[in-house]
Amino acid sequence: MRALLALLLLLGAPAPARGQAPSPGKPPSDFVRREAEPAPLPEPLEGLVAGMKAGALATHVAFLASPALLGRGLDTPGLSAAAGYAASHLSLAGIPPLPPGDGKGALAAYFQAVPVREIREPGGTVTIERREGATATTRTLVSGVDALVPPATERIVSGPAVFAGYGIRETSPARDDYRGLDVKGRVVVLLEGLPPGEEWRTKALRSRYAAEDAEDRWAAKVETARSLGALAVVGVEGVEWAARVTGKDRPPAFVFRGVVDESREAEPLLVRVSPAGGQALLGAGPAPSDQPRSLPGVTVTVRAQGRERLAVSQNVVGFLEGSDPERKGEAVVVGAHVDHLGREEGVLHPGADDNASGVASLLEIARTLASSPRRPKRSVVFAFWTGEEEDKIGSTFWVSRPPWPLSKTTAYLNLDMVGHPWTRKEIEDLLADAGLPDRDAFLAGLDPADFVEPGLARYAPELGDVLVRAGRGTGLALHLDWTEGVTGGSDYRPFARKRVPFVRFFGSFFPGYHGPEDTAEALDASQVLRMARLALATTWLLADR
Ligand SMILES: [Zn+2]
């Protein structure tokens, strides 16, 4: 087993006993120290990595994040211009579209049409019916007031309710809120956040269950409920409800969704309700208990509604054929999303880090590989996704109708937000949380910007050796973050759900994340270069094995 105790705790997976902690002085294999001298990479990769320059990356970022591109919002001319930019640069680099062309084809051939649905004025209700003997009482919560129903055109989910406390299953600290409960085909009512007790206040558990962002906060709980067959989750939120529902979580005027709504099958519906809604569900006792229990006679019906309009967006795809006739039928797919948030209430969101940095890296990886005197054995597919910010629409569409077979996809590499390094404090906290015995040796002489935490598919251990080689060859210190990826926050998620081995390249959530402050000026250009080089080396090593 590759992952060690601390790492498992970080990831929230079942952990072995504490006695299996790493022996002192020897770092767990998932922590890779920076070498004083980078280990040489095989030629021609060594030369290709050295030839990648920060200036070219910065030029792409400056264009993509400029006001002219309007923040690259979905279904805007700005996003079309950015997609056209990617296609033209593939063409200029001599990279043909997929299916393989001659590299001089019309730009349109690079585009994969991706249908999207715009849902206007999304809303809905949550109706709680409580039967006691011959009497029935009904309470209806309205989305945007005391409930938040996820946007859908027309959807009704109804079922008997059951209360599963905080909805947490962990081995350390030990807790199983589902013990003795049958939630299959039922609506599971859960409390938000973490149970009382200091042992729950670790950084890892807080980020797993009590994150600021609602999707992050609920994802693990919804995933647990899903795995147990729940129909829907009603999440009861706390005192911050009023601020959230009138502030950053208020229902938008419109949203976009894909036509392949994978989440509809893969996830139960998550509805969030106010504390008052929670009392209506759980009964307003003097001190409502968090003890899981069945809720006899309580039925919950969720209705979602909105007006729908269809539109078409596009992924941009390039293809570099492998050099080995035996292996070129397999490919490494490397992707980055082009879209961002556009203008929100008239304010430009440039999205320099998110994700002009990843697109710039992918363009330079493509150009560099195309310029190589020898190509890797396997083929490489370059995918520039649409609609990541909305619901991973472009990548979800890809895996549902793969233009390149998933069974012939050696790995999917994702570049998203690669322009802000970790701070020293964040690295120190990670090492402390992980219980790394020789932390000083790991940190000695380490520039925080030389630290990267790639995420790797837990089910594809072979990726680890490749990442370690790529990290050592590009002079980086690494922490390998093994993860299932199925609740992940970027375009690797649809691939993870199809069990395609994936690697996630990501820097950090910097303070300007998803705000107007995500500008090219705020980016660390040398960080983009480090990540682009690491991703290039990883791509090559996976494609040339
Ligand atoms: Zn992003």
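Predicted model: local features only at pLDDT ≥ 70, side-chain atom pairs only at ≥ 80, totals over all residues.
**Nonpolar cores**

The largest nonpolar core contains 102 residues. Within this core, the residues with the most contacts are Ala86, Val359, Leu362, Phe382, Phe384 and Ala535. Helix 17, which spans residues 525-543, supplies the largest share of the core, with 12 residues. Apart from this core lies another one, of 45 residues, which includes Ala147, Tyr209, Val273 and Ala280. In soluble globular proteins, nonpolar side chains tend to be buried together.

Leaving aside residues up to four places away in sequence, Leu362 touches Val334, Ala336, Phe382, Phe384 and Leu415.

**Helix 3 and helix 10**

Helix 3 covers residues 54-64 and helix 10 covers residues 352-370. Their axes come within 8 Å and cross at roughly 135°. An angle over 145° would count as roughly antiparallel, and 65 to 115° as roughly perpendicular; helix 3 and helix 10 are therefore oblique to each other. The crossing of helix 3 past helix 10 is right-handed.

On the side of helix 3, the residues in the contact are Ala56, Leu57, His60, Val61 and Leu64. In helix 10 they meet Ala352, Ala356, Ser357, Val359, Ala360, Ser361, Leu363 and Glu364. Sorted by class, this contact has 9 nonpolar, 3 polar and 1 charged residues.

**Backbone features**

| Peptide bond | Omega |
|---|---|
| Glu43 to Pro44, cis | near 5° |
| Ser172 to Pro173, cis | near 0° |

Pro44 sits in the loop between strand 1 (31-32) and helix 2 (45-51). Pro173 is in the loop between strand 6 (169-171) and strand 7 (174-176).

Positive phi values also occur in residues other than glycine. Met417 has phi near 65°, and its place is the loop between strand 17 (409-415) and helix 13 (424-434). A residue is buried if 20 or more other C-beta atoms lie within 10 Å of its own. Met417 has 26 such neighbours inside 10 Å, so Met417 counts as buried.

For His514, phi is near 55°. His514 lies in the loop between strand 22 (502-505) and helix 17. With 17 other C-beta atoms within 10 Å, His514 is partly exposed.

Definitions and conventions:
Residues numbered from 1 in each chain as written. Core = buried A, V, L, I, M, F, W, Y, C linked by C-beta atoms within 7 Å. Buried ≥ 20, exposed ≤ 12 C-beta atoms within 10 Å, placed from the backbone. Helix = DSSP H or I, 4+ residues; strand = E, 2+ residues; numbered from the N terminus. Contact = placed C-beta atoms within 7 Å. Axes fitted to C-alpha atoms, helices over the stretch in contact; angles between N-to-C directions. Parallel < 35°, antiparallel > 145°, perpendicular 65-115°, else oblique. Left-handed = near helix turned anticlockwise from the far one by under 90°. Nonpolar A, V, L, I, M, F, W, Y, C, P; charged D, E, K, R; others polar.
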